[in-house]
Amino acid sequence: MHRYANPLRFQRIADALLPWIAVALLVLTPIGLYQALVLAPPDYQQGEAARIMYVHVPAAWLATFTYALIAVASAIALVWRHPLAEVAARAAAPVGAAFTAIALITGSVWGKPMWGTWWVWDARLTSVLILFFLYLGYIALHDAFEDPARGARAASILALVGAVNLPIIKFSVDWWNTLHQPSSILRLDGPTIAPSMLWPLLTMVLVFKLYLALVLILRMRGQLAERRIHNLRASGAGG
Amino acid sequence: MIRSLLALLHRDLRLAFRHGAETLLGAIFFALALALFPLGVGASADILARIGAGVIWVLALFAVLLTLERLYQSDYEDGSLELMVLAPVPLELLVFGKCLAHWLTSGLLLVVMSPLLALLMSLPAEAYWVLPAALLLGTPTLTLIGSIGAALLVGSRRGSALTALLVLPLYIPVLIFGVSAVDGYLLGLGGGAQLTILGAMLLFALALAPPATAAALRVALE
């Protein structure tokens, strides 16, 4: 694992991967949007409004996925003192918070015509709102100390504690009788969504994942550069 | 090990008694803030009875939150926290002792006061035992979860607003089941299941919070 702790090695791998991710994103985004907005059939009950799903569902998945990523990276950072894992967790946090905000906002816009209300306090919506605040708390705690290393380690512990919320989000629609519909894709008995809608959705999920990867790499590079500048300044001031 | 736990408990309780006014601050806030609600929403008994359980629970959350800062900050400042980390007993055990002392001087007060507040909010007579029972199961969880937040922020340059941001999201499940347990009994639906879940959350917090707090304190003293 420590093979990958070297920032220079990371830079090389990131530089090699970045163009491929960017090209894939550029190609897939129009395809996914065309599939979602034109090719996919309108829902027989919800009509065209169901197309919000192609943004809402990937954003919501990525919101929880990014938090899981932060939690795993935090565990690695705490156990092995892996410096890159810390950088990755910090870099992913604002992106995850943005995905959570998108999921909440699109869900609200979708809820207005379907449920007749912008917001209901059901278990799924509430637990995702908690997730949003966990992201904000993580970011704020990270920057709350004079010593950045202290903030990073404290935030890592918070990320692990907050991870108890993830299963609650996932199973909230099964445990409680919520207005939010239960899971229709990740089920033991196979997806209950029509293939003509499933494929555009999966393409959009892939687009969102590629976007996460792209932004994550860019932000990690930025943070590593920032650290280097900081260190150079510090050594320059000393000598 | 038990002896050092008892010694710590003894010390913390004595400190709390010597700082009487500071210790009572959470309880005073609890009663004072409650007095604002009849003035704010109108003093009609049926409105107060309907929102009573929720208001009392939310205020209990805030009251515990207010007292969290004294959990580790003063020990950090006078250096005794360092001795606890270096002591030849598990830090998790000492954290448990500190949380127990904190609960005895904050959460338990709220439990004892709650029938009186239920009376002020015109709650039905059943609330006089349901509300303390639910708070008895819920407030230790609040202390334990809050202990993680307080430990994470030891020595930080930002104070209590950040504690609220870290801790309140994790308090929400306790609030939900605490209120629905009380409302369940008051509406005659029964709230046994919710009380059981509150108990389960307490056991979960008892298992999770001491190691997480200990890890946070070790980070703070690195």
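## Helix pair α9(B) and α10(B)

The crossing of α9(B) and α10(B) has a left-handed sense. In this predicted model, the axes of the two helices come within 8 Å and cross at roughly 155°. Because angles over 145 degrees count as roughly antiparallel, α9(B) is therefore roughly antiparallel to α10(B).

On the α9(B) side, the contact is made by P173(B), V174(B), F177(B), G178(B), S180(B), A181(B) and Y185(B). The residues that α10(B) brings to this contact are G192(B), Q194(B), L195(B), I197(B), L198(B) and M201(B). By class, the contact of α9(B) with α10(B) comprises nine nonpolar and four polar residues, with no charged ones.

## Second largest pocket

Both helices of this pair also take part in lining a pocket: α9(B), spanning 160-186, and α10(B), spanning 192-220, each give two or more residues to the lining of the second largest pocket. The volume of this pocket is about 960 Å³. Its lining consists of 34 residues, of which I168(A), I172(B), P173(B), F177(B) and M201(B) lie nearest the centre. Among these, P173(B), F177(B) and M201(B) also belong to the contact between α9(B) and α10(B).

The elements that give two or more residues to this lining come from both chains, namely α4 and α6 of chain A together with α8 (127-152), α9 and α10 of chain B. The most is given by α9(B), with nine residues. In the lining of the second largest pocket, 26 residues are nonpolar, seven are polar and one is charged.

## Largest pocket

The largest pocket has a volume of about 1200 Å³, and 48 residues line it. Nearest its centre lie H56(A), V57(A), R124(A), H180(A) and Q181(A). The lining divides into 31 nonpolar, 13 polar and four charged residues.

Within chain A, at least two lining residues are supplied by each of α2 (53-80), α3 (83-115), α4 (123-142), α6 (165-175) and α7 (195-238). The greatest share comes from α2(A), which gives ten residues. Two of these helices, α4 and α6 of chain A, are also among the elements that give two or more residues to the lining of the second largest pocket.

## Helix pair α2(B) and α7(B)

A further helix pair lies in chain B, where the axes of α2 (residues 20-41) and α7 come within 11 Å and cross at roughly 15°. Angles under 35 degrees count as roughly parallel, so α2(B) is roughly parallel to α7(B). The sense of this crossing is right-handed.

From α2(B), the residues that meet α7(B) are L24(B), G26(B), A27(B), F30(B), A31(B) and L34(B). Their partners in α7(B) are L109(B), L110(B), M113(B), L117(B) and L120(B). The contact of α2(B) with α7(B) has ten nonpolar residues, one polar residue and no charged residues.

In chain A, R81(A) is found in the loop between α2 and α3. Phi of R81(A) is near 55°, which is a positive value in a residue other than glycine.

In chain B, S122(B) lies in the loop between α7 (107-120) and α8. Phi of S122(B) is likewise positive, near 55°, and this residue too is other than glycine. Of the flanking helices, α7(B) is in contact with α2(B), while α8(B) gives two or more residues to the lining of the second largest pocket.

Definitions and conventions
Residues are numbered from 1 along each chain as its sequence is written. Chains are lettered from A and ligands numbered from 1 in the order in which they are written. This is a predicted model: local features need pLDDT of at least 70, side-chain atom pairs count only at pLDDT 80 or more; totals for chains, interfaces and linings use all residues. Side-chain values use heavy atoms; hydrogens and water are left out. On a 1 Å grid over the protein atoms alone, a cavity is a set of points where a 1.4 Å probe fits but cannot get out, and a pocket is an open set with protein on both sides within 12 Å along at least five of seven lines; lining residues have an atom within 4 Å of a point. Grid points are joined across faces, edges and corners, and a volume is the space filled by probe spheres set on the points. Helices (H or I, at least four residues) and strands (E, at least two) are DSSP runs, numbered from the N terminus. Ala, Val, Leu, Ile, Met, Phe, Trp, Tyr, Cys and Pro count as nonpolar, Asp, Glu, Lys and Arg as charged, and the others, Gly among them, as polar. Axes are lines fitted to C-alpha atoms, for helices over the stretch in contact, and angles run from 0 to 180 degrees between N-to-C directions. Angles under 35 degrees count as roughly parallel, over 145 as roughly antiparallel, 65 to 115 as roughly perpendicular and the rest as oblique. A crossing is left-handed if the near helix is turned anticlockwise from the far one by less than a right angle, and right-handed if clockwise. Contact means heavy atoms within 4.5 Å.
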